[in-house]
Amino acid sequence: MLCALITALALLLPTAAEPQNLDASPAYDTQAEQRLLELTNQERQKAGAPALQPDPGLTEAARQHAVLIASKGELSHQFPGEPPLMKRLSKASPHLNDAGENVAFDSDVDQAHQGLMHSPGHRGNILNPKFNVVGLGAVRVGDTVYITQDFGHKVQNYPVAEAENRVADAITRTRTNRGGPRLRRVQSGSLRKAACSMANHDHLNPKTVSALGGTHYVITYTNLQPELLPANIQKPIEDGNLRSFAVGACFAQSPSYPGGTYWVAVAFY
């Protein structure tokens with residue numbers, strides 16, 4: 001994850017910024033934000049990267065951070081009292097599994113963009129083909145515009161039943177590819193409750209599933225892409241003596257996963 005600061009302020013502005021009193025409602029420069037989106041996607045098109053889609057949660061996070069930059073008169077990705085970047089952005093916009101941020105100030109948004117493009121770390125964020133969403137915050141105070149660009153990769157949001165189906169399909173596909181007999185899938189509302197219980201406790205606990213009884217193997221894991229099976233599931237997948245399995249999933253936000261994740265429980269019988 002790229003989070004490089006602009007180490008030489010002269011790159012963007014000949015003089016350092018001054019702290020600003022923003023007790024009143026800040027004046028977001030929506031035209032500057034739109035211009036930044038246009039310039040960013042123009043660069044990505046030239047580089048063969050997909051266009052970024054504006055994300056409301058990231059936009060709000062970027063604006064709040066731009067206000068802090070203006071109020072303190074300095075560039076930073078984490079001011080006192082702020083969470084680390086990934087936690088800050090994933091809380092604002094769930095379903096992120098990667099993020100990056102650029103910060104800058106200048107008298108003109110086009111000049112700020114050019115400065116960012118001439119800085120390898122910031123250019124890398126702008127052109128990163130993995131990112132698919134962005135939030136842009138621009139706050140103008142006098143002749144200076146303070147900018148935050150929050151980039152992210154957002155994965156698809158599945159209903160819980162579809163997440164469980166994706167896990168089941170991945171298990172069946174992997175077992176078939178290994179030459180094992182097909183397992184019968186059984187439905188279990190208790191497994192979904194067990195997955196949600198783990199989410200509520202913010203802790204993976206296979207004993208929550210084992211207590212249901214009758215299982216040969218229990219696998220629990222978290223992932224924003226639930227169909228990506230964990231490595232420790234290989235043993236039950238390759239066990240030819242098994243006859244059936246069940247899947248339970250629960251999407252939840254927690255202290256460990258402020259942006260949310262799928263909590264998955266798989267029981268093999």
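This is a predicted model: local features need pLDDT of at least 70, side-chain atom pairs count only at pLDDT 80 or more; totals for chains, interfaces and linings use all residues.

Student: What is the mean pLDDT of the protein?

Tutor: The mean pLDDT is 89, and 90% of the residues reach 70 or more; pLDDT is the predictor's confidence in each residue, from 0 to 100. Over residues 1–16, however, the pLDDT is below 50.

Student: Why is R88 called buried?

Tutor: Buried means under 20% relative accessible area, exposed over 50%, and partly exposed in between, with a 1.4 Å probe and protein chains only. The relative accessible area of R88 is 11%, so R88 is buried. R88 is found in helix α3 (residues 85–92), where a helix is a DSSP run of H or I with at least four residues, a strand is a run of E with at least two, and both are numbered from the N terminus.

Student: Which residues does R88 touch, not counting residues up to four places away in sequence?

Tutor: With that exclusion, R88 touches A61, H65, H77, E82, P83, E101 and D150. Contact here means heavy atoms within 4.5 Å.

Student: Why is D239 called buried?

Tutor: D239 has a relative accessible area of 16%, and therefore D239 is buried. Its place is in the loop between α9 (234–238) and β7 (244–252).

Student: What makes the pairing of the D239 and Y217 side chains a polar contact?

Tutor: A polar contact is a pair of N or O atoms within 3.5 Å; within protein, one must be able to donate a hydrogen and the other to accept it, and residues adjacent in sequence count only if both atoms are side-chain atoms. The side chains of D239 and Y217 make such a contact at 2.7 Å.

Student: How are two packed helices described?

Tutor: They are described by the angle between their axes and the distance between the axes. Axes are lines fitted to C-alpha atoms, for helices over the stretch in contact, and angles run from 0 to 180 degrees between N-to-C directions. The axes of α1 (residues 30–47) and α4 (residues 109–117) come within 10 Å and cross at roughly 35°.

Student: Which residues of α5 are buried?

Tutor: In helix α5 (residues 120–127), H122, N125, I126 and L127 are buried. The buried residues of α5 pack against α1, β2 (96–106), α4 and β4 (144–154).

Key. Residues are numbered from 1 along each chain as its sequence is written. Side-chain values use heavy atoms; hydrogens and water are left out.
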